[in-house]
Amino acid sequence: MNKEHDVYWMTKAPKDIADKLISYHQVGSYWSNHPISQAWVRNSLSYYSTIMDANAWDTSLVYTGEQGELVKMSVPQARSLIRQVVTLTSKQTLAQTDSSEVSNTTKLADAVCEQIVKQQKLDLKGEKLCEQSLVLGISFLKTTWRSDRGNPYAATPDGEVVYDGDVEITVCHVDDLLFDFTISEWDDLDWIEVRTIKNKWS
């Protein structure tokens, strides 16, 4: 019996984990031909591009009329309609408890939440999350703990500064994600790979 299958692949050595993810990338390349993936491309073009005329790839303005005396402008209606829905949906900011009868524990938790909402700009990210879900039919919010952020509180013998850490909340595009597409239920997913852009000198 092969005991290799008794070990969860995410607990293996970094090289073995990388090999496993590379194999998932190779399978994920077939996803680009899936109708859902093609629908994402179509919806993105319809929403973000003003070039809706097949004869005018360089501009949304074309001349028309008998002698070219008129200018026809192509306007993507999808963006206008979706932005109206996003504005109505995200108009109300994240609420906080406003009562003098709440306990001190609730007040403390409310203050922490208020700080996170302000620092992470969650109102703007919520608007972006709503917009992506309406355009693509799917949207993702990633929450991670960054040990290289926060307030400095110690230093290593090598002179490296140690921080107390801070939360990081980001909105991820579907093109920056890789997960096991064969699993249909989100609750059954136990890993997701997220591509992030980092400065190599940091």
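This is a short chat about contacts and surface features in a predicted model.

Q: What kind of model is this, and which pLDDT limits apply?
A: It is predicted: local features need pLDDT of at least 70, side-chain atom pairs count only at pLDDT 80 or more, and totals for chains, interfaces and linings use all residues. Residues are numbered from 1 along each chain as its sequence is written, and side-chain values use heavy atoms, with hydrogens and water left out.

Q: How many salt bridges are there?
A: Seven. A salt bridge is a side-chain nitrogen of Lys or Arg within 4 Å of a carboxyl oxygen of Asp or Glu.

Q: What does Arg83 pair with?
A: Glu131, with the closest N and O atoms 3.3 Å apart. Arg83 lies in helix H3 (residues 77-89) and Glu131 in helix H5, so the bridge ties together parts 48 residues apart in sequence. Helices (H or I, at least four residues) and strands (E, at least two) are DSSP runs, numbered from the N terminus.

Q: Glu131: buried or exposed?
A: Buried, at 13% relative accessibility. Arg83 is partly exposed, at 25%. Buried means under 20% relative accessible area, exposed over 50%, partly exposed in between (1.4 Å probe, protein chains only).

Q: And what about Arg146 and Glu168?
A: Their side chains form a salt bridge at 2.9 Å, N to O. Arg146 is in strand E3 and Glu168 in strand E6 (residues 166-172). Both residues are buried.

Q: Switching to aromatics. How many pairs turn up?
A: Five, across the whole structure. Rings of Phe, Tyr and Trp (its six-membered ring) pair if their centres lie within 6.5 Å; planes under 30 degrees apart are stacked, over 60 edge-to-face, the rest tilted.

Q: How do Trp9 and Trp191 sit?
A: Their ring centres are 5.3 Å apart and the planes are at 90 degrees, so the pair is edge-to-face. Trp9 is in the segment before helix H1 (14-28) and Trp191 in the loop between E7 and E8, 182 residues apart. Trp9 is buried at 10% relative accessibility, and Trp191 is buried at 9%.

Q: Which residues make up their cluster?
A: Ring pairs link Tyr8, Trp9 and Trp191.
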